[in-house]
Each structure stands twice: as C-alpha cells, then as structure tokens.
Amino acid sequence: MSEFQELIKNIDKCRDYVRDFFVYGFKSRSDFPGKSARTYDDERRRIVSWLPEYVREDFTENERSKNISLQIDQKKLDTNPLFSVWQTKSFTDRDLMLHFFLLKLLEDKDAAYSAAELTELIMDEYGCEADLQSVRRKCNEYAEEGLLTVRREGKSVLYSRGIRFDELPCTEELTDMIRCFQLDQPLGIVGHSILSERDEANGIFRIKHGFPSFTLEDEILLCLLEAMRENRAVEVLIQSNRNRREVLKSGCPLKIFVSTRSGRRYVCMYSGKRNSFPCFRLDQIKEVKCTDPVPEKERKTLLARLEERSVYVWGVSGITENSGMQKLVLTIHADEDSEAYIVQRLIREGEGGTVERTAADTFRYEKTVTDVMEMFPWIRSFIGRIEGLKIYGTDGSGKMKEDAELESRFYRDLQKMYRMYEI
Amino acid sequence: MDKLFSEIYNRYFLIVNRILSHRGKITAKRMGEVVQKDGFGESMLFLLPKLTENAWELFEEENGEYRPKLRGVKTPLSRLQKRWLATLLSDPRAALFLDEKQLLSLRKSFQDSETLYDQSDFRYFDRFSDGDDYADEGYRERFRSILKAIKGQSVIRIRYESRSARYISLTVRPLYLEYSMKNDCYRLLGIVRSGSRMRKSILRLSRMKSVVFCRDEAEAFVLTKEEPKQEKLVLRISDERNAMERAMLQFADYRKNTQRLDDRSYRCEIFYDREDETELLIEVLSFGPMIRVEGDEHFLSLVKERLKKQEAFPASC
C-alpha cells in the first residue's frame, strides 16, 4: 500500500473531489460510491492540506461521518484559491535538482551549451553527478515547455534559456494587467503562475460574479481551444453529474458558451451525423481527443450558421436550425419616475428583445427565441411586476399560435409559490 | 500540446527557489518558516525534511546552517505563459493598462507566440449589454488614475453622476477595483469622506466624469463604523428539475453551507453583504418554487412582498 503524499501525479480524480467539496459541500464518504474508504480519506486529506484556510468540516446529520466544504467568498479574495490544485504536480528528486542546476547554468542570456557540456558543468559547479541521458531528456522537456530554446551548431544541439518576464517591455503595467486578468480570464491559472514566480501579490483587483470552479475545467478548455485553433474535430468523453454514466460524443468544436449568471461553460460543437449544434458542459467533460482535420472553409460556414442562429438562442438550447421558434411577450409594470432601472434591466438583460412603452408605467418586452423555457428563470426575476405573459409557438403549418400549456406552466409555478409562502 | 498541470508550476519549486534566494546562509528554522508560510498544510512534513536532509544537494551544510550552492533562479516564461500573455493583448481591456505604443512593443515581443484563442471564440450569452466602454480614452485615463492612486495610497476627488443623474463631488480613498463578469464593468471600492464620517462606498467607473488627485492623507480615511457583519440567508432547496445542482453552481460565488435533509431536499445557508441583497433576491426568485426562503425574517418579508404584488395582477391567477 503506497504512503500518503501531498503531491499527485494525475489531477483528474482529485479535480472531481475538489469540485464536489466546493460546489456542493455536503457530500461525505458514502456519496462517493466505487471509491475505497482509503481513496476518499487520502483525497480529503490532500484537499485539506492544499486549501487549509477554506476548508470547513462538519458532522453529518446522523453524526456518523464528516463532510467537508470549501468556504470561498471569491469577491473578498485577490486570487482564486482553487489555483492551488494546479501547483501540486509530483516530481522526482532528479527533476527538482536539474530544474535549478540547468536554469542557473543557462541564466546568462548568451549562454548556450550542449547536454554533454551541461552534464559536466553540473559536476564541476555543484559537485553533483548527473547522467547525460537525464540531462538531455530534461533539456528537451524544457524546450518543449518553452523554457529553453534549441539550436543546432554543426553536430551539436545547443540549449539556451528563453525570454524572462523581467526582460519584457513595460513589466509594471503588464503585471497590473495579469493581477486583474488572472481573476476573470479563461486559463487564469497561467497568469497566477507568472505572479507566483515573481512573488507578486494582487492587492488591487477583486472579482464579482466570478466562478472559482471554472479553473477546474481549464485543462479541458485548453484542449478544446487547441482543437479550434488547429481546425480539428474532437471526441469528448462526457460523464453525467447525476447518474455518472459516460458517453462519447464527436464533432467539430466551434465556440465556448459562457454563462456569467449560472456558473456554467459549454462547448458548442457541430455534429455531422445529426446536422446539429449540441452544447456540452465543460464540467462534465472528462477527456478531449483531437481527431480529423476540418477544412477551414467548412468550419467558417458552420460558424456563420451558428452566428445566424445565435440571435434566437437565449442560452444554449435549440441551436439546430430545424428546431421551432417561440415568441415571448412579457408585460412589466414599472413606475416611470422612480423605477426606470426596471426598464433598463429589460434592455440590458433582454438579449436584444424589443422594449416598448404601451401605457403609463407599463412596458412590453418581446423576443423570439428557440426555447422559451430557458427564459423562465429570468422572467421569474421580475416577480412582483409581471402584468402579463404570452407565449406563442409555431404550429405544424409554421404559423405562430398561443401556447397555453407553456403559459400555464409558468403560472402553476407562481401558484405553488403563493401556497409555499401562504400568500 | 501545452500542459497546465506541470511540475514547473509546482508550489514546492517556488518555495525552494525562495529559500535559495535567501542572502547568505540559512537555518533550518528559517527554512521551516518559509515552508510554513508559502507551502501547503502538510508541506512541513513532506518538503522540509528534503531540504534539511539536503536530499537535493542544493546546500552545503556548515555548523548546522545551510549555504546554498546556487542563488535562486529567474525561470524563463513557458510557452503557455507567453501564449496567454499574447492572447490578452487583444482583449479590449488590455488598453486600460497599456497604451498603444506599449501594446505594439509587447505584440512584437510575442510575435512568435501563437495566441490561445480569439475573443470571438467565446460567447458570454447572458452578459449584460450595457458594459463599460473600454475604448473611451477618458475612461482609460480615469482607470489609470485610480490604479495609480490605489498603488500610491493616494486620495482622489471624483466627479460622479448619481443614480438620480445629479453630479456630485466625492473625496475617496480608493481601495480596490472590482470587475464584474456579469456586468462587464469596473467598480471602485473605497472609503468616502462624508462630512466628518467615513463610509465604505462602491462607485461605478462609467459614472465618473473626472478623477483628480488630492493632498489629503490616506491614513485619515478610516471607516467610522465597523463593516457590518454578513447577513445569513437560509434556503430549502427541493431537488426538482435539477434545481439543487443549478443552485449550487449559481450561488458558488457566495460563502455557503449546505446540508442534505433527505433524498429530495437540502438546507443551504448563504452569507451575503447587504449591498448584494436585491441581486440575491432576484436570483432566489428565479428558481421559482424549487427554492423556499426560510430566513432571515427580513429576506423572507422581501420575497413575500414581491409575491403579494404579483398576486395583485389579474393575470397572475
């Protein structure tokens, strides 16, 4: 049985635990079926070790087991605590020694040595024996990571170091930009790694409406972005959060859809088999594999089709052209003098829907969408002001007709709420 | 393919580098302090022995002290780091930090680095449409002045358009710049002098007309009253229509505690600042009957008030 280690080889398993502890925060050992008690205990111990300031341990109702949750109030923090997860890759003693010896020997911008020379220098300068093969492998690895550059001189392969941050122009302004963008940009962990390397903290920027768990999906995002850059199709392995069933989907990744309200990110892909544009949640994708190249012209055509359709898509549902259209007509009450911000909400949050004053203190919002159900949460945010709601859908002949079933579904929920609060 | 999970970004490497950067010899005690401060919770157990036992041959031991064989290194930028930086230069907000000349010069530095994505690869589908105008030169200047004031701990005077469209002049000690992903805007969090009182204030940058530096001492700007404690909202979530998962994700940017009550329902406590109350209220309402507010009384009364108003409309029944 292997001993517990603070660092890990593979992030996949651990990432799921961190997500569950952060997003849900009520799961205990029994909620992780299929994992041994030891696996659960080790993962839990690691997470407590990585994020000690944010961990809270509680006994469950029956007091038989403990659950842990991650208490993160992102808007009060200057970084994303979950970035720590990316700083836990295990390494060998040799990895660490060569890291420092090689980077020191190549510190001078003009220094360029072959692997054999570096092996000798490690002995001469630091009195450590290193074998040529390991040094060459590490140099090639670092060249692959971009830390070193390689050039051929005759029969020799010479290594020198790449550019350092402090050699860039306007580093002060750039550092400020990184301080800010690490919090909200995709792959913010990369910015965080630059700041950590320079021991630079962020005492200036904060983020509101940020979703710390986005970072846990960033490796998947990186693979998808690479596929998009290279015009390649992908195969994605998706695992449902509810029943843990896995399915394999393939297609051409076209765009990343981000919800700034619900904390979800999706990849929108084109599926040639069904001639459709399904969206898959990044937090449910376990693996991405790049497959066949997609001709650039074909990708552009698909993107144009997606753009055209996006005008009618409220969230991520109904992007495929053959899904029908629905129209929402929402009548909202707002005092014109004192509640102009309500009309502003309709305009700024209404994704291009029209807003018209129909009578004193009454405004009509209209929008044609592919799936009006996706709008329900937003409509409910106007509870207390909804004077009327009409939904129309296309019938078999393509004509718009009132959809009483959908309307009553909305009102049934309202009735439930009245009963719930004894109104 | 660039790797995000790589040993070169490992926390242990950073700590060892910090220890190697220490001037002269270093004691085991001092090493321990660095590991304790910058390491993970159990790094004292795993990292410190490697250092004190000199397992990596990075030190020469002298009378119980450690002399580094080499000084700390400045790691070159990885390809992924260069690509990320190159990508950011095309973000409209980059111009808040860098002027055209600086942007050009940086683009030249990264000319061999392929960007990771284009802005058009992302669609922020529910982002508000009235985000800040980052192309406005006046906005950029005000942003830079505030940034400078935060870094220099200076006090500034802001001419500000209030909600009632009146112009007011505010003397502020700026503390933080807050970016909202949902609103795509910046807000300034600071301490505002109001007569003899000092109060915390949140000001939207797009409503600022001018920012000038003052001679006032920043140290004098101390909150008169202590910041109020966070409020606690108690929700009962019924796991219909995947509401549980949706709620957990949507409220992920609040500090919260969740307990399972039975197979279908959960109790969730959310801690929030009073200034976020209205926003939280409409978020809770957006879940409809899947979420019931159980407390506190004040928040509950707000929900009931909205529902009573709604019921009064004829179409609501």
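Before you zoom in anywhere, keep in mind that you're looking at a predicted model.

**Stop 1: chain B, surface on.** Select chain B and show its surface.

Now switch to cartoon view. How many helices and strands does chain B have? Chain B is more spread out than a compact globule, because its radius of gyration is 26 Å, well over the 20 Å that the globule rule gives for 317 residues. If you draw a box around the C-alpha atoms of chain B along the principal axes, it comes to roughly 85 × 55 × 50 Å.

Next, colour chain B by burial. Of its 317 residues, 56% count as buried. Contacts are worth a look too: take those in chain B between residues at least 6 apart in sequence, and 59% of them join residues at least 24 apart.

Chain B carries 59 positive and 52 negative ones, and the centres of the two sets are 4 Å apart.

**Stop 2: chain A, the overall view.** Hide chain B and select chain A. In cartoon view, chain A shows 12 helices and 15 strands. Its C-alpha trace spans about 85 × 60 × 45 Å along the principal axes.

With the surface on, chain A exposes about 18400 Å², with carbon and sulfur atoms supplying 45% of it. What share of the 423 residues of chain A counts as buried? The figure is 57%. For contacts in chain A between residues at least 6 apart in sequence, 60% link residues at least 24 apart.

Chain A has 67 positive and 74 negative side chains, and 5 Å separates the centres of the two sets.

**Stop 3: chain A, piece by piece.**

- domain 1: 12-74
- domain 2: 93-162
- domain 3: 166-210
- domain 4: 214-310
- domain 5: 326-420

How far apart do their C-alpha centres lie? The distance is 29 Å. Zoom in on where these two domains touch: 8 residues from domain 1 of chain A and 7 residues from domain 4 of chain A take part in the contact.

Conventions: Residues numbered from 1 in each chain as written. Chains lettered and ligands numbered in written order. Predicted model: local features only at pLDDT ≥ 70, side-chain atom pairs only at ≥ 80, totals over all residues. Heavy atoms only, no water. Rg over C-alpha atoms; globule rule 2.2 N^0.38 Å. Buried < 20%, exposed > 50% of the residue type's maximum accessible area, 1.4 Å probe, protein only. Contact = heavy atoms within 4.5 Å. Lys, Arg positive; Asp, Glu negative; His and termini not counted. Charge placed at Lys NZ, Arg CZ, Asp CG, Glu CD. Domains from an automatic or database assignment. Helix = DSSP H or I, 4+ residues; strand = E, 2+ residues; numbered from the N terminus. Areas by Shrake-Rupley, 256 points an atom, 1.4 Å probe, with all protein chains shown as cover.
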